[in-house]
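Please examine the structure shown below.

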Amino acid sequence: MKSNIQKHLNTLTERYPELCVCAENIKNVFGIIAECYERGGKLLIAGNGGSCADAQHIVGELMKSFVLARPADGEFCERLQKIDPERAKILKDKLQGALPAISLCDAQSLNTAYVNDVEGGGTLTFAQQVYGYGKEGDVFMGISTSGNSENVVQAAVTAKAKGLKVVALTGEGGGRIASYADGIIKVPCRETYKIQELHLPVYHALCLMLEEYFFGTL
């Protein structure tokens with residue numbers, strides 16, 4: 001299995017040689033997230049603008065099949081059969097294995113209510129969700145091209161206080177979030193759009209590695 005994980009990392013760095021400097025950090029972040037899932041935890045993800053879209057994209061790759069088949073768990077299928085044999089025919093065939101992940105960008109009603117109801121709460125909406133959703137052993141992923149997005153940093157601080165591990169995707173400077181990160185991938189660019197262009201192949205590689213690890217064959 002380790003060789004399969006390395007395969008995805010090698011493919012990434014062959015296609016994007018500038019990311020060779022990030023290889024060890026990518027493996028570290030993969031290890032942190034994989035350990036979280038092994039212990040039954042979940043991944044909380046937040047970012048702004050393009051990084052918000054990236055958070056949603058990552059959730060889409062983790063919560064359903066990416067490139068591998070992810071058949072539903074056998075015991076679960078047996079329970080479906082007992083509960084409703086007719087509907088079980090569809091559910092057993094269509095449901096896919098998932099790696100639990102939540103984009104904190106998507107809770108529009110909660111976020112706007114918090115901003116409206118809490119004075120000065122504009123930078124705390126992600127932190128509020130981490131405080132509510134987060135459990136010890138979960139992982140918070142903060143995506144910020146500068147590493148300085150205050151709402152993402154506030155969420156990272158909250159995550160640490162709740163006992164979560166923190167991982168980050170940033171540009172080469174790392175920014176303020178680096179002080180709280182257990183693992184950080186700083187792609188070697190300083191211009192926002194170039195950073196975002198490299199974030200996508202990085203998190204695709206992470207998703208491929210996680211899928212291989214949990215749903216691949218030994």
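Helices (H or I, at least four residues) are DSSP runs, numbered from the N terminus. The model is predicted: local features need pLDDT of at least 70, side-chain atom pairs count only at pLDDT 80 or more, and totals for chains, interfaces and linings use all residues. Residues are numbered from 1 along each chain as its sequence is written, and side-chain values use heavy atoms, without hydrogens and water.

Rolling a probe the size of a water molecule over the atoms shows where empty space is left. A cavity is a set of points, on a 1 Å grid over the protein atoms alone, where a 1.4 Å probe fits but cannot get out; its lining residues have an atom within 4 Å of a point. The whole structure holds one cavity of 30 Å³ or more. Helix 3 (50-62) and helix 9 (192-215) each supply at least two residues of the lining of the largest cavity, and helix 9 gives the largest share, four residues. Among the lining residues are Leu43, Leu62 and Met141.

Ile83, in helix 4 (residues 74-83), is exposed because its relative accessible area is 70%. The C-alpha atoms of Ile83 and Lys186 are separated by 48 Å.

Technical notes
Buried means under 20% relative accessible area, exposed over 50%, partly exposed in between (1.4 Å probe, protein chains only). On a 1 Å grid over the protein atoms alone, a cavity is a set of points where a 1.4 Å probe fits but cannot get out, and a pocket is an open set with protein on both sides within 12 Å along at least five of seven lines; lining residues have an atom within 4 Å of a point. Grid points are joined across faces, edges and corners, and a volume is the space filled by probe spheres set on the points.
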